[in-house]
Amino acid sequence: MGLCHQEPGRQSSRSRRYLCTLRSLAGILIDMSSEQHTISHELGRQEFGSPEYTGVFPSREDAIALMKDWVENPRLQLHMMQVGGVLKAWAEEKLSLDASAAEKWEVAGILHDADWDKWPDEHCRKIIEHLESQGCDPELLHAIASHSPSFFAVTPVSTLDHMLYAFDELSGFIHAVSLVRPGGYEGMKVKSVKKKLKEKSFAAQVNRDDIHDAASRIETGLDELIQFISNHQPKISLE
Ligand SMILES: [Fe+2]
């Protein structure tokens with residue numbers, strides 16, 4: 001999930017209710033508007049993929065191609081590139097991971113919302129099942145599956161899981177802050193981002209609970225996360 005691609009009405013509840021109208025095969029209109037039902041995004045499992053595919057994942061180029069094939073919304077495309085970019089930077093600068101591992105982190109970000117545009121009701125089951133059918137690294141799959149624990153009911157475990165969760169909403173929020181500042185990211189201060197977080201009316205669709213929950217699960221504080229994103233995000237663009 002994330003700020004830039006959420007539509008009004010999609011953001012208020014983790015367990016969204018839908019009014020639906022079905023047309024029967026006989027052409028009789030059956031109005032089910034009085035029978036609200038809940039669509040659950042819970043994935044119902046904690047294990048994804050197979051160990052035999054450890055280290056196997058789409059290249060950065062292939063991930064971007066898949067993302068662009070599935071996602072039409074350019075704001076969502078940018079959000080996914082931004083999350084991927086900050087994950088890659090974190091893997092390289094903070095964890096000194098090698099090039100292949102850093103690419104896996106970036107690909108997790110690039111693909112984490114890949115199915116939101118076309119199949120919002122199947123988010124993120126669709127992308128997980130697609131990657132599983134291709135044979136994909138279990139850690140990458142688990143990171144995508146756990147990027148919103150309250151939505152998918154999958155608990156973050158690995159460092160990649162935790163950092164994707166930590167960067168997702170916060171990256172979108174900081175991008176929103178940049179859009180209302182005359183200088184964009186230039187001179188952005190941690191203090192002013194935190195002040196905006198307390199302003200409930202600003203970027204109201206961003207889930208503050210997720211931001212604070214994600215930060216509470218890792219040793220890195222919220223200030224450092226904000227500083228890191230605001231330093232690296234301006235360098236990331238659509239390709
Ligand atoms: Fe997202």
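Biologist: What covers the buried residues of α3?

Modeller: The cover includes α1 (60–70), α2 (74–93), α4 (125–134), α5 (138–145) and α7 (159–180). Helices are DSSP runs of H or I with at least four residues, and strands are runs of E with at least two, numbered from the N terminus. Residues are numbered from 1 along each chain as its sequence is written. The model is predicted: local features need pLDDT of at least 70, side-chain atom pairs count only at pLDDT 80 or more, and totals for chains, interfaces and linings use all residues.

Biologist: Which residues of α3 are buried?

Modeller: A residue is buried if 20 or more other C-beta atoms, placed from the backbone, lie within 10 Å of its own. In α3 these are Ala102, Lys104, Trp105, Glu106, Val107, Ala108, Gly109, Ile110 and Leu111. Across the chain of 239 residues, 41% are buried.

Biologist: How are α5 and α7 packed?

Modeller: Two packed helices are described by the angle between their axes and the distance between the axes. Here α5 and α7 pack at about 30°, with axes 8 Å apart. Angles under 35 degrees count as roughly parallel, and α5 and α7 are therefore roughly parallel to each other. Glu139, His142 and Ala143 in α5 meet Leu160, Asp161 and Leu164 in α7, a contact being two C-beta atoms, placed from the backbone, within 7 Å.

Biologist: Where does pLDDT stay under 50?

Modeller: This score is the predictor's confidence in each residue, from 0 to 100. Residues 3–37 stay under 50, whereas the chain averages 87.

Methods:
Buried ≥ 20, exposed ≤ 12 C-beta atoms within 10 Å, placed from the backbone. Axes fitted to C-alpha atoms, helices over the stretch in contact; angles between N-to-C directions. Parallel < 35°, antiparallel > 145°, perpendicular 65-115°, else oblique.
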